[in-house]
Amino acid sequence: MSKDKKLPGIDTTDHVAKGGLLNRRLFLTSSIASTAALATASAAYGEDIIGEGQDDWTIYPGTDALEYSDRSRFEVENVKRFIPNFPQKFLDLRLTKYVARTPLDHLLGTITPNGLHFERSHQGIPDIDPDKHFLVIHGMVKNPLKYDIDALENYTTVSRHHYLECSGNSQVLFQETPTDQPIQQIHGLVSGTEWTGVLLSTLLDECGISPDAKWIIAEGADNGMMTRSIPIDKALDDTMIAIRQNGERIRPSQGYPMRLYTPGYEGNTSVKWLRSLYVSDRPVMSAQETAKYTDMMPDNKALQFSLEQDVKSIITRPSNTMSLKKKGLYEITGLAWSGKGKISRVEVSVDGGQTWGDAALEGPIHTKMLTRFRIPWMWEGGSAILQSRAYDEFGRIQPTRKELIDARGRNAFYHFHAVQSWGVSPNGEIKNVYA
Ligand SMILES: Nc1nc2c(c(=O)[nH]1)N[C@H]1C(S)=C(S)[C@@H](COP(=O)(O)O)O[C@H]1N2
Ligand SMILES: [Mo]
């Protein structure tokens with residue numbers, strides 16, 4: 001947008017931080033859309049609504065309805081869980097078969113479409129026939145019981161908006177040098193969903209757990225038999241047996257027909273294809289809570305059961321899969337979440353963390369769910385370093401990368417949640433930098 005174009009009703013001088021960050025109240029004014037339109041839409045001309053370059057789809061009737069609808073064929077090429085043109089040098093052949101990532105740069109809002117939910121399946125996806133699968137609850141209970149999917153559908157279910165994040169998400173940012181991986185590869189192991197399920201407390205109540213029960217040991221029916229220990233307090237709080245994802249039965253890759261879902265805990269504890277919950281007075285000390293998913297500290301001792309995730313945010317637009325084509329007004333937007341509760345505030349900086357402005361949060365804000373933030377930014381064409389910093393309702397703040405590494409040391413691998421930086425160069429190129 002050139003300087004001589006008017007921005008009707010918009011005060012582009014209301015700066016809230018250095019580098020061109022503008023007051024988030026701009027989004028409340030009715031004309032913000034026309035500002036965006038001035039910046040991005042091209043001029044319509046002539047009397048015809050079917051202008052040059054536009055086909056006329058009104059002539060013939062369209063195709064028939066499908067039994068199960070699909071995306072537009074024009075969306076299929078770019079918006080996928082496997083990164084298009086993914087640089088060969090990053091391919092870890094041991095993992096790629098079993099990992100798929102959410103294309104955060106292509107999404108808006110906070111709900112991840114089911115077909116784009118990230119996936120981590122350590123030993124592949126079992127092809128489970130729901131008529132031949134059930135969950136048993138046993139161990140320190142009065143009545144061991146078993147539940148198939150039909151039984152679970154008959155309980156009163158809860159539907160809640162929550163995120164799920166692998167604790168290995170963003171781990172490449174612990175490395176010494178910034179990465180040139182696409183944002184989907186860096187941060188794409190997080191998704192947001194309306195999960196529907198039966199609260200585990202309901203089923204544990206029915207089975208009658210012993211007063212000495214301290215842990216619930218969950219086991220999956222997959223080839224890897226993922227096994228994790230969940231503290232009893234969490235099991236009785238908001239843990240559910242999830243059976244639906246955004247309304248429909250959960251996908252095979254998400255644990256069909258039933259999975260454990262532990263809101264705000266590291267993704268690994270949400271055991272998919274759940275077949276057993278063993279009530280115990282101690283954790284099981286499985287491979288996934290000893291050799292893996294522990295936090296190696298600077299003194300080479302490992303923290304175990306660091307299950308609840310911290311407060312975190314990322315800027316998804318603009319990000320390193322895009323470049324800024326011209327000077328002008330941009331919206332900086334991204335996602336913030338906390339494993340403990342609600343996001344209360346997100347600040348954005350475009351000068352590498354020297355000055356900060358408050359971003360607008362899009363409501364309703366759900367607990368342990370992705371929250372979208374946005375702030376207007378007038379880019380004058382210089383270099384900039386974009387950062388976001390989230391707070392949760394308990395006052396927890398995202399640390400800087402330096403603070404996180406000082407606390408966690410160089411052995412750290414899981415739970416990277418520090419402030420992340422996108423460097424913008426004067427030619428509009430964006431890449432991951434350390435600031
Ligand atoms: N049974 C089983 N449950 C599992 C896994 C697995 O491999 N097997 N992977 C875990 C890991 S590491 C993560 S991050 C989440 C991923 O859930 P999603 O694939 O639905 O995104 O599931 C967890 N539950
Ligand atoms: Mo994970």
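Residues 33-38 keep a pLDDT under 50, where pLDDT is the predictor's confidence in each residue, from 0 to 100. For this stretch the model has 9 contacts beyond four places in sequence, a contact meaning heavy atoms within 4.5 Å. Residues 1-5 likewise stay under 50, with 9 such contacts. The protein averages a pLDDT of 91, and 89% of the residues score at least 70.

This is a predicted model, in which local features need pLDDT of at least 70 and side-chain atom pairs count only at pLDDT 80 or more, while totals for chains, interfaces and linings use all residues. Residues are numbered from 1 along each chain as its sequence is written, chains are lettered from A and ligands numbered from 1 in the order in which they are written, and side-chain values use heavy atoms, with hydrogens and water left out.

Ligand 1 is surrounded by 21 residues, each with a heavy atom within 4 Å of the ligand. The closest are F118, H122, D222, R259 and K272. By class, the shell holds 7 nonpolar, 9 polar and 5 charged residues; Ala, Val, Leu, Ile, Met, Phe, Trp, Tyr, Cys and Pro count as nonpolar, Asp, Glu, Lys and Arg as charged, and the others, Gly among them, as polar.

Polar contacts to the ligand are pairs of N or O atoms within 3.5 Å. A polar side-chain atom of D222 lies 2.8 Å from a ligand 1 nitrogen, and a backbone N or O atom of S270 lies 3.0 Å from a nitrogen atom of ligand 1. H117 places a polar side-chain atom 3.3 Å from an oxygen atom of ligand 1.

How values were computed:
A polar contact is a pair of N or O atoms within 3.5 Å; within protein, one must be able to donate a hydrogen and the other to accept it, and residues adjacent in sequence count only if both atoms are side-chain atoms.
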